Amino acid sequence: MSEPQGARPRRVISGRNIMLYGTLFVAATYYLLPLYVMIVTSLKGMPEIRLGNIFAPPLEITFEPWVKAWATACTGLNCDGLSRGFWNSVRITVPSTIFSIAVASVNGYALANWRFKGADFFFSILIVGAFIPYQVMIYPIVIVLRDIGIYGTLSGLILVHCIFGMPILTLLFRNYFASLPVELFKAARIDGAGFWQIFLRIMLPMSLPIFVVAIILQITGIWNDFLFGVVFTRPEYYPMTVQLNNIVNSVQGVKEYNVNMAATILTGLVPLVVYFVSGRLFVRGIAAGAVKG
Amino acid sequence: MTGHAKAGRPNQVLRNLNSKIASIPMILTAVVIFFGGTIWTVVYSFTNSKLLPRLSFVGLDQYYRLWAAPRWVVSIENLAVYGIFSLIFSLVIGFVLAALMDQKIRFENTFRTIFLYPFALSFIVTGLVWQWLLNPEFGIQSVVRSLGWTSFTFDPLYTPSIVIYGVLIAALWQGTGLVMCLMLAGLRGIDEDIWKAARVDGIPMWKTYLFIVIPMMRPVFITTLVIIASGIVKVYDLVVAQTSGGPGIASEVPAKYVYDYMFQAQNLGQGFAASTMMLVTVAIVIIPWAYLEFGGGRNRV
């Protein structure tokens, strides 16, 4: 899609190309530098950090900061490292992802194929709600969760993730199901299939791609969440992001920059793996999810 | 698709019953949480709730107090500066990168992967990395000084007047990759013939971009604007991780003000008033766009 050039062969080294690749390389450096610095810092000992510069590669590679970040770094009274936060995040992310997608896919299906009177009205509220800042709804949700007795627990937080994931996921599924050929649906109706049968036997098998997009969106979004983790859970259930922030920004004690950077990488690892594994689908997922909230 | 159930069933409520049952979670979320919760917060923002919410109305008192609080005013100023600059820079950087990527370059996938990976990371991770890079004792400032330029000063996170730009640098690092991807998709959607026609007419490339391509990409720009704008209003984690609102109150933002008053200072009325102000901002800026973009047509996103 560059400019049409007729049959003239392109020269590899030209002023234009040097500018083009030069700019791209400079930009790539800006994006890569923080990752590089994180890795390098996490492999150094504290004396080396105090003396050297942050861009220098480690003279003596040590994995001790990683071990410490994972197993013994302290937040408040707890000194069991990020491992606790990691497992909390797993226990939050897995059920949240499954429940929110299960509910939203059925919602989207109902909206696309079985519209009832008023359905679009509720859906509009849902979509407009996605743009309301979380801060406006947080306190009422605290009250609701407290009343049903799950405030401060993992289940409470899981419910919150399902609620706030619903608008965008429902939209995603509704649009996808609406784009499938109507004839399929009609044929199944004529054959006597009902609401759930059509969903399970026809819609689900055809919608693997959109499920993958939704899973990527939810895993990265929920894993990276901070605000809900702080508001809706107690310290023993804090997700990894909250625990990481507490470890790094704790006021007391000597700052161990190498441990901090190892901890930071560990926290970023899960979404990064999802990103590298899922490739192009990731872009679709996040492009949809960026609208969330 | 909606007509199939219309044929002469007597009971309106039972019609499409499965669909209605399946929609209960959505209806509850929409009505109780989104609608009810918002109204609740707005109503209680007119009360003098402190530790617990209670319905003793004091009119606009909380709002007067809010706008008289230096911390809130600083938050709003920060949000304005952060918002304007991040809109401009995200769009410009994102578009330029996308235009460069669109030149049939080699290693396109590698470059795209590099530009986008920060977006996979949370704001907490982003904030902590940039806190480290901008640390004056060890970070960029100290490295440049050790190269011999001893008077070099670059410590935005420790200088109240420019701290918000330090936050901005990190935010752009995290978010421009996504903007680039959206813009690139938009550019790829433009017909090759447009380029050929412009070429034939002898229109320089930059003019083609500015006067033909960008106007054609209007829907992409609107989508991107909505995404960036809704991100701006809720900026919270990044500030918490990078500066904790400091030095002093220099990098406070509205979302943090709300959280601190609701859950730390136990001054609920202030928290509700501040969050209602956030709601008003969003309503004015985003909802009309959002409706046009996402509510109107199907098959978007």
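Me: A disulfide joins A:Cys74 to A:Cys79, with S to S at 1.9 Å. What makes such a pair a disulfide?

Reply: The rule asks for two cysteine sulfur atoms within 2.5 Å. Over all chains that gives a count of 1 disulfide. The link of A:Cys74 and A:Cys79 is right-handed, with 105° about the S-S bond. Do keep in mind that this is a predicted model, where local features need pLDDT of at least 70, side-chain atom pairs count only at pLDDT 80 or more, and totals for chains, interfaces and linings use all residues. Residues are numbered from 1 along each chain as written, chains are lettered from A in the order written, and side-chain values use heavy atoms, without hydrogens and water.

Me: Is A:Cys74 buried, exposed or partly exposed?

Reply: Buried is under 20% relative accessible area, exposed is over 50%, and partly exposed lies in between (1.4 Å probe, protein chains only). A:Cys74 is partly exposed at 38%, and A:Cys79 is partly exposed at 41%. As for other cysteines, A:Cys162 is buried at 13%, and B:Cys181 is buried at 7%.

Me: How many residues does each chain bring to the contact?

Reply: Contact means heavy atoms within 4.5 Å. Chain B brings 105 residues and chain A brings 103 residues.

Me: And what is the area buried between chain B and chain A?

Reply: Buried area is the accessible area (1.4 Å probe) that two parts lose on being put together, summed over both. Here the figure is about 9500 Å², with 74% from carbon and sulfur atoms.

Me: How many salt bridges are counted between chain B and chain A?

Reply: A salt bridge needs a side-chain nitrogen of Lys or Arg within 4 Å of a carboxyl oxygen of Asp or Glu. Between chain B and chain A the count is 0.
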